[in-house]
Amino acid sequence: MSTLDSLSVEAYAIAAVGAVVAIVAVAVVYTLRQVSDLRLRMRFHRPRYIILVRHAESEGNVDVRSYGSVGDPNISLTVKGREQAKEAGEKLKELLGDTPVFCYYSPYRRSRQTAQIILPYLETRFQKEDVRLREREFAGSFQRNEVNRKDERTYSRFFWRPDGGESLADVYDRVTLFMENLWRDFKGHPDMNESAILLVSHGLTVRLFIMRWLHWTTDTFQLTKNPNNCDFITLELQPPDQFGNYYYSLTPESLQVLGVQQHGQLKESTAELWQLKEEWAKFRQPSMRRSRNFSGRSLRRSKNLHSSSSKFNKMFDKQRTSSTGTLSSFVRGDGESADLSHADISPTV
């Protein structure tokens with residue numbers, strides 16, 4: 001074989017190797033981009049605010065006979081209600097400025113009308129109707145007769161169910177389903193990061209959302225009241241705690257809207273309670289529970305934390321009897337799904 005032929009073969013070989021390297025490089029870059037996009041889609045995009053608005057004054061608030069003639073889903077706003085919605089839009093604009101807003105609202109007419117009046121004031125990215133945000137159903141039809149509620153208090157206000165209607169627990173369950181969908185939206189919409197989530201719904205549904213998000217007990221829920229027409233409740237994203245976890249907190253104004261007086265203080269027992277909750281949450285992290293190198297020091301720490309958890313349970317039972325202590329303790333929370341192992345004790349998100 002001549003020298004020229006040898007050079008040609010080597011050139012072809014080098015070219016082939018270069019082509020293979022180029023193809024592999026392109027494949028690697030493509031794969032890395034796909035992985036990066038997947039990670040971006042899978043990460044949580046935390047809104048700065050979650051704002052819950054009760055609908056403005058409706059005809060049913062003025063004349064309860066509307067529930068029997070028009071029907072609960074078809075009740076419209078009054079003239080006063082439309083003015084309330086405009087004022088709420090102006091207040092939210094002052095609070096949010098140019099913050100992107102993602103709105104979910106109840107399909108009932110009074111809530112849709114409230115949302116339609118408020119949203120033009122805001123930087124709305126999308127609006128979505130969700131049936132799970134509807135009002136509690138008392139009859140499932142026209143309410144032509146007064147609901148017989150004589151057994152409600154003696155049985156349980158939270159679990160009592162009117163004939164053909166829903167209990168508070170029923171509404172709580174569908175609010176939980178809505179929240180699971182909301183968490184998926186947090187993952188799927190990068191624009192939701194540092195945005196505002198606006199929920200336009202009904203007084204009871206709003207309170208049950210807050211109860212579920214902050215992991216309130218039924219006793220704590222009973223200490224609150226429905227917001228007035230077009231009042232809004234704000235959950236605000238807080239800086240990470242000592243473990244680097246984010247959480248949301250009710251604003252002082254929101255506590256007033258719910259009829260709760262925090263008196264501007266956290267009792268020492270409440271602060272101690274949170275310390276114990278955070279210690280126990282840290283202990284229950286998988287990295288600590290599954291550690292193979294479980295030394296004597298770790299064992300002593302686990303015993304101390306077990307003692308702390310027992311102390312936490314006792315304090316928790318004590319706090320349930322105090323309205324101030326209970327709501328101070330549960331003013332912050334994560335809204336995570338109930339099937340997560342740490343959701344009931346961890347204040348994190």
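How many of the 10 residues of α5 are buried? The count is 7, so α5 is largely enclosed by the rest of the structure. Buried means under 20% relative accessible area, exposed means over 50%, and partly exposed lies in between, with a 1.4 Å probe and protein chains only.

Before we go on, some ground rules. This is a predicted model, where local features need pLDDT of at least 70 and side-chain atom pairs count only at pLDDT 80 or more, while totals for chains, interfaces and linings use all residues. Residues are numbered from 1 along each chain as its sequence is written, and side-chain values use heavy atoms, with hydrogens and water left out.

Now the overview. The protein chain has 14 helices and 7 strands. Here helices (H or I, at least four residues) and strands (E, at least two) are DSSP runs, numbered from the N terminus. The chain holds 349 residues, and buried ones make up 45% of them. Take contacts between residues at least 6 apart in sequence: 75% of these join residues at least 24 apart. Contact means heavy atoms within 4.5 Å.

Back to α5. Its buried residues are R110, S111, Q113, T114, A115, I117 and I118. What covers them? The cover includes β1 (49-54), α4, β2 and β4 (196-201).

Let's look at α4 first. Two packed helices are described by the angle between their axes and the distance between the axes. Helix α4 runs over residues 79-96, and α5 over residues 109-118. Their axes come within 8 Å and cross at roughly 45°. Axes are lines fitted to C-alpha atoms, for helices over the stretch in contact, and angles run from 0 to 180 degrees between N-to-C directions. The two helices are therefore oblique to each other. The cut-offs: under 35 degrees is roughly parallel, over 145 roughly antiparallel, 65 to 115 roughly perpendicular, and the rest oblique. α4 passes α5 in a right-handed crossing. Right-handed means that the near helix is turned clockwise from the far one by less than a right angle, and left-handed means anticlockwise.

Who makes the contact? From α4 come R82, A85, K86, A88, G89 and L92, and from α5 come Q113, T114, I117 and I118. By class, that is 5 nonpolar, 3 polar and 2 charged. Ala, Val, Leu, Ile, Met, Phe, Trp, Tyr, Cys and Pro count as nonpolar, Asp, Glu, Lys and Arg as charged, and the others, Gly among them, as polar.

Next, β2, residues 100-105. This strand is mostly covered, with 6 of its 6 residues buried. In a regular strand the side chains alternate between the two faces of the sheet. On β2, P100, F102 and Y104 point one way, and V101, C103 and Y105 point the other way. Its neighbour β3 (residues 123-129) pairs with β2 in the parallel sense, over 6 bridges. Two strands pair if DSSP finds at least two bridges between them. One example: F102 has F126 of β3 as its bridge partner.

α7 and α8 (residues 203-214) pack at about 65°, with their axes 9 Å apart. They are therefore roughly perpendicular to each other. α7 passes α8 in a right-handed crossing. The contact residues include V171, V175 and M179 of α7, and L204, L208 and F209 of α8.

S167 counts as buried, at 1% relative accessibility. Leaving out residues up to four places away in sequence, S167 touches R136, F158, F159, W160 and R161.

Now some backbone angles. Most residues other than glycine have a negative phi. H215 has a positive phi of about 60°, although it is not a glycine. H215 lies in the loop between α8 and α9. C230 also has a positive phi, of about 70°. Its place is the loop between α9 and β5. C230 is buried, at 8%.

Last stop, D231. Is D231 buried or partly exposed? D231 is partly exposed, with a relative accessible area of 25%. D231 and V53 are 178 residues apart in sequence, yet 6.0 Å apart in space, C-alpha to C-alpha. Not counting residues up to four places away in sequence, D231 touches L52, V53, R54 and V257.
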